[in-house]
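Below are my notes on the model, as numbered points. Please read them with the structure open.

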Amino acid sequence: MATTRSSEDIVDSTPLLANSGGSTDDLTSGRRFARRQRLRQAVRFLQQASGRRMMREPSMLVREAAAEQLEERQGDWAYSKPVVVLDIVWNLAFVIVAGTVLVLSVSEAPGMPLRLWIVGYALQCFLHMVCVCVEYRRRRRHQRAASLNSVSAQDRVGDSSGNLSVSSREGSASGSAQYVSLGQFDEEGTSVAKHLESANTMFSFVWWIIGFYWVSAGGQALAQESPQLYWLCIIFLGFDVFFVVFCVALACIIGIAVCCCLPCIIALLYAVADQEGASKEDIEQLSKFKFRRIESNEKLNGTIQGPVGGIMTECQADSPIEHVLAEEDAECCICLSSYDNGVELRELPCGHHFHCACVDKWLYINATCPLCKYNILKSSNLSQEEV
């Protein structure tokens with residue numbers, strides 16, 4: 001079946017079996033645990049293959065947060081308007097081509113039921129288009145309802161506390177709208193359209209095997225008796241194979257990028273995603289530090305046990321704060337690079353620090369710490385209320 005959502009359908013088909021017992025929270029925690037285990041295994045495999053040193057636990061947590069972020073946005077991107085339009089046009093083209101060839105090949109008499117297979121293939125494409133349209137409209141209704149609820153809640157909060165800035169309210173409203181929408185989907189579970197689409201995808205695998213058997217059993221005789229039907233079946237079968245290989249290769253590339261080149265994934269999200277996290281003003285309010293490497297013969301008075309990596313000194317402050325970092329902590333958990341001398345760092349309210357270039361783009365997408373998921377907008381709003 002010509003579909004642009006095979007990988008997601010395979011993932012979403014598991015609730016058909018899993019929802020027979022257990023709560024939604026158990027399913028969610030089970031998926032997160034399975035994803036964490038898969039990510040850890042992938043990282044260990046890549047480290048053994050490349051000979052790199054073992055990745056520290058904070059770096060693993062950052063990559064788990066990035067994987068969750070990609071998973072949350074997968075449904076939104078897959079059911080965005082451009083992707084849905086492209087999906088429907090693509091499958092409609094398959095239905096039209098199948099109907100045209102069936103009409104033009106009336107005089108052909110194949111030894112195998114190729115017409116039956118083509119009709120079944122076209123029906124799968126049509127059913128896929130119907131399911132996509134229904135699911136798209138359902139998601140749009142939920143997103144509009146979530147947006148209205150979050151805006152009304154923000155208006156009530158804004159009326160009760162007049163010290164909140166407009167940018168903070170807008171940032172909180174957009175973030176609340178996004179997470180409320182995702183929470184509603186988790187609570188309501190998978191829709192009937194998604195269940196039907198998952199069943200349609202599984203049936204398409206069986207139907208592909210049947211079509212491959214008929215074409216192979218007929219051999220060259222089919223190409224001579226009914227060339228139009230034969231070559232149409234070959235094209236449909238070949239396209240499905242190409243699409244499955246493409247999806248698997250894309251998933252592998254994304255998985256490797258999350259483990260080995262996370263800044264590339266963040267830059268991609270930053271380029272294509274709307275601002276759903278912190279605003280530029282909220283990010284600029286966070287403390288900025290400059291890192292200075294410690295020479296081997298330089299001695300420091302502190303509580304750091306073991307080798308010292310350097311000192312973080314607060315920028316643009318009358319009484320700058322300094323933090324002494326251990327050697328193992330003097331690296332960015334996002335890009336896995338050690339802090340160079342003179343590089344600018346950003347410290348979040350939770351105390352975690354990263355390269356400014358790495359964490360600023362992340363906060364623009366998601367206003368939470370990539371390590372501990374602390375919401376920086378809460379700290380920003382509290383500080384403004386105290387003023």
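1. Terms for burial come first: a residue is buried under 20% relative accessible area, exposed over 50% and partly exposed in between, with a 1.4 Å probe and protein chains only. The model is predicted: local features need pLDDT of at least 70, side-chain atom pairs count only at pLDDT 80 or more, and totals for chains, interfaces and linings use all residues. Residues are numbered from 1 along each chain as its sequence is written, and side-chain values use heavy atoms, with hydrogens and water left out.

2. The structure holds five salt bridges, a salt bridge being a side-chain nitrogen of Lys or Arg within 4 Å of a carboxyl oxygen of Asp or Glu. In one of them R139 pairs with E135, with the closest N and O atoms 3.1 Å apart. The two residues are four apart in helix α6 (residues 114–160), and therefore separated by about one helical turn. R139 counts as buried at 12% relative accessibility, and E135 is buried at 1%.

3. A second salt bridge joins E327 and R293, with 3.6 Å between the closest N and O atoms. This pair links distant parts of the chain, 34 residues apart: E327 is in the loop between β3 (322–326) and β4, and R293 is in strand β1. Helices (H or I, at least four residues) and strands (E, at least two) are DSSP runs, numbered from the N terminus. E327 is partly exposed at 36% relative accessibility, as is R293 at 24%.

4. R346 and D360 also meet in a salt bridge, at 3.0 Å from N to O. R346 belongs to strand β4 and D360 to helix α13, so the pair ties together parts 14 residues apart in sequence. R346 is buried, with a relative accessible area of 1%. Elsewhere, salt bridges that share partners join E135, R138 and R139 into one network.

5. Strand pairing (at least two DSSP bridges between two strands) involves β1 with both β4 and β2. β1 (residues 287–293) and β4 (residues 344–347) are antiparallel over four bridges, and K288 stands opposite R346. β1 and β2 (residues 308–314) are antiparallel too, joined by five bridges, with T313 in β2 as the bridge partner of K290. L348, in the loop between β4 and β5 (353–355), is buried at 3% relative accessible area. L348 and K288 are 60 residues apart in sequence but 9.1 Å apart C-alpha to C-alpha.

6. Which residues touch the most other members of the largest nonpolar core? They are I334, F354 and L363, in a core of 35 residues. Such a core is a set of buried Ala, Val, Leu, Ile, Met, Phe, Trp, Tyr and Cys residues joined through side-chain atoms within 4.5 Å. Its largest share, five residues, comes from α13.

7. The unreviewed UniProt entry annotates "transmembrane region" at residues 83–104, 116–134, 205–223, 229–248 and 253–273; such annotations may be inferred rather than shown by experiment. Residues 83–104 are 100% helix, with end C-alpha atoms 32 Å apart. Residues 229–248 are also 100% helix, with end C-alpha atoms 29 Å apart.

8. L250, in helix α10 (residues 227–260), is partly exposed at 40% relative accessible area.
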